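Here's a friendly tour for anyone opening this file for the first time. Have a look, then follow the questions below.

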Amino acid sequence: FLYGDRIDWINQRLECFAATATTKQQQHTTTTMQSITYSYYDAFHLFVNDNGTDVNRTLMPDGLHPSPLGMSVWGNEIVEHVHKLVDNDNEDGPTMTMMQQEEA
């Protein structure tokens, strides 16, 4: 379809960036630095038909912008991905949000 190759190219670069990028962020209340790791999730598969070459026009009518239903599908997928990240983070120790709640 029209933008398939371009989207795939951009997604590959974003995945590379997320895999290698780390940012140091200073906490406002302390002088310690926190390392932030990025996560990448490719949602391309949500918007194409089973054959992977045609856009699902119900979810992306113009082939570029999600419909309200497409936004809902995408949003639900993002929430599920974030939950998995948080669950994995909790296995390694408390998350920043958990530590802030404990301090309050």
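Q: Is Ile36 buried, partly exposed or exposed?
A: Before anything else, this is a predicted model, where local features need pLDDT of at least 70 and side-chain atom pairs count only at pLDDT 80 or more, while totals for chains, interfaces and linings use all residues. Residues are numbered from 1 along each chain as its sequence is written, and side-chain values use heavy atoms, with hydrogens and water left out. Buried means under 20% relative accessible area, exposed means over 50%, and partly exposed is in between (1.4 Å probe, protein chains only). Ile36 has 24% relative accessibility, so it counts as partly exposed.

Q: Where is Ile36 placed?
A: Helices (H or I, at least four residues) and strands (E, at least two) are DSSP runs, numbered from the N terminus. The C-alpha atom of Ile36 is 8.7 Å from that of Ala21, though 15 residues separate the two along the chain. As for its own place, Ile36 is in strand E2.

Q: Which element has the highest mean pLDDT, and which the lowest?
A: pLDDT is the predictor's confidence in each residue, from 0 to 100. For the protein the mean is 75, with 67% of residues at 70 or more. Among the elements, H2 comes out highest at 86, and the lowest, at 42, is helix H3 (residues 96–103).

Q: How many contacts beyond four places in sequence does the model have for residues 93–104?
A: Contact means heavy atoms within 4.5 Å. Where pLDDT is low, the predicted coordinates should not be read in detail. Over residues 93–104 pLDDT stays under 50, and the contacts there beyond four places in sequence number seven.

Q: Which residues make up the largest nonpolar core?
A: A nonpolar core is a set of buried Ala, Val, Leu, Ile, Met, Phe, Trp, Tyr and Cys residues joined through side-chain atoms within 4.5 Å. In soluble globular proteins, nonpolar side chains tend to be buried together. Here the largest one has six residues: Ala43, Leu46, Phe47, Val55, Leu59 and Met60.

Q: How are the rings of Phe47 and Trp74 arranged: stacked, tilted or edge-to-face?
A: Rings of Phe, Tyr and Trp (its six-membered ring) pair if their centres lie within 6.5 Å; planes under 30 degrees apart count as stacked, over 60 as edge-to-face and the rest as tilted. A search of the whole structure turns up one aromatic pair. Phe47 and Trp74 have ring centres 6.0 Å apart and planes at 85°, so the pair is edge-to-face.

Q: Which residue forms a salt bridge with Lys84?
A: A salt bridge is a side-chain nitrogen of Lys or Arg within 4 Å of a carboxyl oxygen of Asp or Glu, and the structure holds one. With the closest N and O atoms 3.5 Å apart, the partner is Glu80.
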